[in-house]
Amino acid sequence: MRIRIVDAFTDRPFAGNPAGVLLLDAFPADDRLQKVAAEVNHAETAFAHRLPEGGDADWALRWFTPATEVAMCGHATLATAHVLHTTGAHEGTVRFATRSGVLVATPAEDGSITLDFPTAPLTPETVPDGVAEALGAETLPTAFDTGPDIGDLVVELADEKTVVGLTPDLKALAAASERGIIATARAEDPGRGYDFVSRCFFPNIGIDEDPVTGSAHTALAPYWSERLGGTVLTGLQASPRSGRVRTELRGDRTLLTGRAVTVIDGELLA
């Protein structure tokens, strides 16, 4: 099987979020997919195969972390669309059949790709005991659950510097959260080209810190659109690799735009 490693939500190699991408004739057994994802050992590995013409989608798509299958992944979807378009396997807009419904990826002439994802429903709740201590920073008193497809908790911190400087206790964070924590704050200086910052920690699914999380921005887009008063915003995910996601809120849909770069193209022998 041909396997590629693609850095997503970046225009340069060794930045953004790396994802494995495998284009298959059909999905093998789940344990086989999980073993490949564990071997690749990136936040997600995407597996896709072409569907018959005339249906609601063009390709079937699944995502696996090194530990489990997930219901939604933005950066691995962007990476898969990038591979399809750069290799000529698919031209123009591509529709993916996924566990989160049909997701659409549309390439632009400038090389960017826009994903059409469902907007995460935000439900306010009190910050669970232990989250602030595990993060090592005080949070605002209200957190927001992101619904079943995302499954994370959004917490706002005092400022950008606090988010950038986080050194969380990941073991304690795993015990204090169901899946993961999205820590965010407004940008200190929007003149730098981004409106808010975030970092994402998912120790319960085998990802200590995700470099750039597209799915998280389906929750961050409505969260910050309400606070900042705009429907088109740019988020900086302030992980060590870093990356930017342009978001456009359209009611129950959120558009996520970014670029991707293929850094490895090889063959899976096992």
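F9 is buried, with a relative accessible area of 3%; buried here means under 20% relative accessible area, exposed means over 50%, and partly exposed lies in between, with a 1.4 Å probe and protein chains only. Please keep in mind that this is a predicted model, where local features need pLDDT of at least 70, side-chain atom pairs count only at pLDDT 80 or more, and totals for chains, interfaces and linings use all residues. Residues are numbered from 1 along each chain as its sequence is written, and side-chain values use heavy atoms, with hydrogens and water left out. Helices (H or I, at least four residues) and strands (E, at least two) are DSSP runs, numbered from the N terminus.

**The loop between β1 and β2**

- F9 sits in the loop between β1 (2–8) and β2 (17–24).
- Its phi is positive, about 60 degrees, although F9 is not a glycine.
- F14 lies in the loop between β1 and β2 too, and its phi, near 65 degrees, is also positive in a residue other than glycine.
- For background, most residues other than glycine have a negative phi.
- Is F14 buried or exposed? F14 is exposed, with a relative accessible area of 67%, whereas F9 is buried.

- Strand β13 covers residues 196–202, and seven of its seven residues are buried.
- In a regular strand the side chains alternate between the two faces of the sheet.
- Both faces of β13 are covered: F196, S198, C200 and F202 are buried on one side, and V197, R199 and F201 on the other.
- Two strands pair if DSSP finds at least two bridges between them. Strand β12 (residues 180–186) runs antiparallel to β13 and is joined to it by six bridges, with I181 partnered by F201 of β13.
- Strand β15 (residues 232–237) runs parallel to β13, with three bridges between them; here V197 stands opposite L236.
- Strand β14 (residues 207–210) pairs with β13 in the antiparallel sense over two bridges, and F202 stands opposite I207 in β14.

**Aromatic rings and charges**

- Rings of Phe, Tyr and Trp (its six-membered ring) pair if their centres lie within 6.5 Å; planes under 30 degrees apart count as stacked, over 60 as edge-to-face and the rest as tilted. By this rule there are four aromatic pairs.
- F144 and Y223 form an edge-to-face pair, 5.3 Å centre to centre with 75 degrees between the planes.
- F144 belongs to strand β10 (residues 142–145) and Y223 to helix α6 (residues 217–228), so the pair ties together parts that are 79 residues apart in sequence.
- Y223 also forms an edge-to-face pair with W224, at 5.3 Å centre to centre and 80 degrees between the planes.
- F144 and Y223 are both buried, and W224 is buried as well.
- Ring pairs link F144, F196, Y223 and W224 into a cluster.
- A charge sits over a ring if NZ of Lys or CZ of Arg is within 6 Å of the ring centre and within 35 degrees of the ring normal. R227 lies over the face of Y223, at 3.6 Å from the ring centre.
- The charged end of R62 sits over the ring of F27, 5.4 Å from its centre.

**Nonpolar cores**

- A nonpolar core is a set of buried Ala, Val, Leu, Ile, Met, Phe, Trp, Tyr and Cys residues joined through side-chain atoms within 4.5 Å.
- The largest nonpolar core has 47 residues, and W63 and F96 have the most contacts inside it.
- Helix α2 (residues 74–87) supplies the largest share of this core, six residues.
- Apart from this core lies another, of 21 residues, including A134, A143, A176 and A185.
- Contact means heavy atoms within 4.5 Å. Not counting residues up to four places away in sequence, F96 touches several residues, among them W59, L61, L84 and V102.

**S100 in its loop**

- S100 lies in the loop between β6 (94–98) and β7 (101–107), and is buried with a relative accessible area of 13%.
- A polar atom of the S100 side chain lies 2.5 Å from the backbone oxygen of A71.
- S100 touches A71, M72 and D149, not counting residues up to four places away in sequence.

Conventions:
A polar contact is a pair of N or O atoms within 3.5 Å; within protein, one must be able to donate a hydrogen and the other to accept it, and residues adjacent in sequence count only if both atoms are side-chain atoms.
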